[in-house]
Amino acid sequence: HMEQSTIESIKKFISQTLERDDITTFHLGWFGGEPLLYFYEIMYPIAHFAQQKALELGKKFEHSMTSNGYRLTKDVIEKCTETNLSRIQVTLDGNRELHNKTRNQNGNPSFDIILNNITNYCKKHKDNKITLRVNYTNEVIKVGMKDAFESIPSEVRSQMEISFHRVWQTVGVEHSKNDVANNLKYIENMNFAISRNTPFARYKGMVCYADSENYANINYDGSVYRCTADDYKK
């Protein structure tokens, strides 16, 4: 949760940044925790404010989000599209059976709800994009994700980029590279985009997004850090 005083401070920071002569575009990224837990209280008001301020100054505003996708309801999608939230990263922990063992809402499966939500998001606007991150273990990659991807309507598959990531706890555990290759082959044939980005390609010549001169990571309590992956130390 974020206190109202922190929300107001962030709005001031956005205004001051957008008013700078050297700033032409402002990108706001939502990262958690789960941003959609406080969508109406925090996320939408800040995004709407930034969008209006950018419009007033003749500058470009866009925002993106890392989410579990569970609360991406049709009303939330409407407001995300309204405020130009053009990309969401959502994680699956394997196919339907394996994902639901790991990720459920008090025992209620989340897999189908998440897939339905991200499909609706893509259908809402042709510019809406999903990065679908698949966290895999040996079991996940061997079983494969074909049944999961086949349940996504063909007309939105080109709006989804599939990115495979080995679960970090299993790095170093021997596995068959053919299993990964087989997964990549069949999803490419199904018209999904495949993430082939290296850090250099992704961050425009920088090793990390935190190398960007104007990057700032603002925590829920208003503290400012340089990176989302390092320890939050003063």
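Helix axes, for what comes next, are lines fitted to C-alpha atoms over the stretch in contact. Keep that in mind. One more point before we start: this is a predicted model.

Helix α2 covers residues 39-57, and helix α3 covers residues 74-82. Their axes lie 10 Å apart, and the packing angle is about 20°. How do α2 and α3 run, roughly parallel or roughly antiparallel? Angles under 35 degrees count as roughly parallel. So α2 and α3 are roughly parallel to each other. The crossing of α2 past α3 is left-handed.

Which residues make the contact? From α2 we have F39, Y40, Y44, H48 and Q51. From α3 we have D75, V76, K79, C80 and E82. Sort them by class, and you get 5 nonpolar, 3 charged and 2 polar residues.

Now the core. The largest nonpolar core has 54 residues. Six names stand out for touching the most other members: I46, L72, L132, M145, F149 and F164. Helix α2 comes back here, as the element that gives the most to this core, with 8 residues.

Look at M145. Beyond four places in sequence, M145 touches L92, G94, N95, V134, V140, F164, N183 and Y186.

Last stop, V90. Find V90 in strand β3, residues 85-92. Is V90 buried or exposed? Buried means under 20% relative accessible area. V90 has 0%, so V90 counts as buried. Setting aside neighbours within four places, its contacts include I114, I118 and L132. Now compare F26, 64 residues from V90 along the chain. Their C-alpha atoms are 22 Å apart.

Notes. Residues numbered from 1 in each chain as written. Predicted model: local features only at pLDDT ≥ 70, side-chain atom pairs only at ≥ 80, totals over all residues. Heavy atoms only, no water. Core = buried A, V, L, I, M, F, W, Y, C linked by side-chain atoms within 4.5 Å. Buried < 20%, exposed > 50% of the residue type's maximum accessible area, 1.4 Å probe, protein only. Helix = DSSP H or I, 4+ residues; strand = E, 2+ residues; numbered from the N terminus. Contact = heavy atoms within 4.5 Å. Axes fitted to C-alpha atoms, helices over the stretch in contact; angles between N-to-C directions. Parallel < 35°, antiparallel > 145°, perpendicular 65-115°, else oblique. Left-handed = near helix turned anticlockwise from the far one by under 90°. Nonpolar A, V, L, I, M, F, W, Y, C, P; charged D, E, K, R; others polar.
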